[in-house]
Amino acid sequence: MTASPIVVFDLDGTLIDTAPDLINALNFILVREGMPAVPMAVARNMIGQGARRLLERGLELDGRIIAQDDVNRLTVDFIDYYAAHIADESRPFEGLEATLDELSESGYRFAVCTNKLEWLSKLLLDRLGLSPRFAAICGADTFGVAKPDPAILRETVAKAGGDLSKTVMVGDAGPDVGVARRAGVPVIGVEFGYTEVPIAELKPDLLVGHMRDLPQAVGRLLPRS
């Protein structure tokens with residue numbers, strides 16, 4: 001039995017617009033600790049390397065030196081608050097479900113490979129009713145490595161019952177392009193996500209500006225036959 005072609009998605013900034021809830025959680029912690037809130041426009045492009053790194057970057061903006069024990073404590077508080085508000089404002093990007101329907105009807109299967117914690121990823125997708133669409137949902141803690149380490153992509157594809165030779169990665173930022181390149185799979189960049197370096201400058205194989213454009217791009221890089 002040959003494996004179905006697999007489309008592996010990043011989560012934050014690719015499948016779901018999670019910025020409002022992530023930034024609200026960040027600012028809850030910063031304000032509680034007597035620091036200024038970070039504007040949405042600034043914080044949006046700080047997302048993508050996990051909860052701890054987002055919090056660290058928020059703390060760095062205030063110029064304070066924070067002991068690692070305090071960062072550890074605040075990270076736990078951040079995750080607790082975020083988990084309680086994970087889908088208050090987070091929503092799929094426009095056209096996502098219709099795009100997944102179209103790709104599924106064409107024979108593609110799906111997985112999620114994210115630097116978010118696995119349980120938070122599953123919680124978010126559960127709340128949005130999307131979890132059943134994915135053969136695997138894997139985070140930075142699932143295999144003990146994070147993007148751009150290629151092991152996380154290889155193991156995600158294996159868990160989804162796929163084959164790297166029949167895989168394409170879809171993401172919005174450097175870790176996504178990096179993990180795809182290191183794993184030897186093609187990568188599609190979405191232009192509506194979170195990245196300090198414009199995704200075009202990271203030179204993915206193809207770019208899409210809207211979810212509706214994704215099926216054609218996937219078909220070009222990962223034909224079904």
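Which helix is Thr 75 found in? Select Thr 75 and you will land in helix H4. Keep in mind as you look around that this is a predicted model.

**Stop 1: Thr 75**

Is Thr 75 buried or exposed? Thr 75 counts as buried because its relative accessibility is 9%, and the cut-off for buried is under 20%. Now show its surroundings: apart from neighbours within four places in sequence, Thr 75 is in contact with Arg 52 and Leu 55.

**Stop 2: the largest pocket**

Rolling a probe the size of a water molecule over the atoms shows where empty space is left. In this model, the largest pocket holds about 360 Å³ of space. To find its centre, select Ile 47, Gly 48, Gln 49, Gly 50 and Pro 175, which are the closest to it of the 29 lining residues. If you colour the lining by residue type, you will get 13 nonpolar, eight polar and eight charged residues.

**Stop 3: Asp 10**

Finally, go to the loop between strand S1 (6-9) and strand S2 (16-17), where Asp 10 lies. Asp 10 counts as buried because its relative accessibility is 5%. Display the side chains here: that of Asp 10 makes a polar contact with the side chain of Thr 14, at 3.0 Å.

Note on methods. Residues numbered from 1 in each chain as written. Predicted model: local features only at pLDDT ≥ 70, side-chain atom pairs only at ≥ 80, totals over all residues. Heavy atoms only, no water. 1 Å grid on protein atoms, 1.4 Å probe; cavity = no way out; pocket = protein on both sides within 12 Å on 5 of 7 lines; lining within 4 Å. Points joined across faces, edges and corners; volume = space filled by probe spheres on them. Nonpolar A, V, L, I, M, F, W, Y, C, P; charged D, E, K, R; others polar. Helix = DSSP H or I, 4+ residues; strand = E, 2+ residues; numbered from the N terminus. Buried < 20%, exposed > 50% of the residue type's maximum accessible area, 1.4 Å probe, protein only. Polar contact = N/O pair within 3.5 Å; in protein donor to acceptor, adjacent residues only side chain to side chain. Contact = heavy atoms within 4.5 Å.
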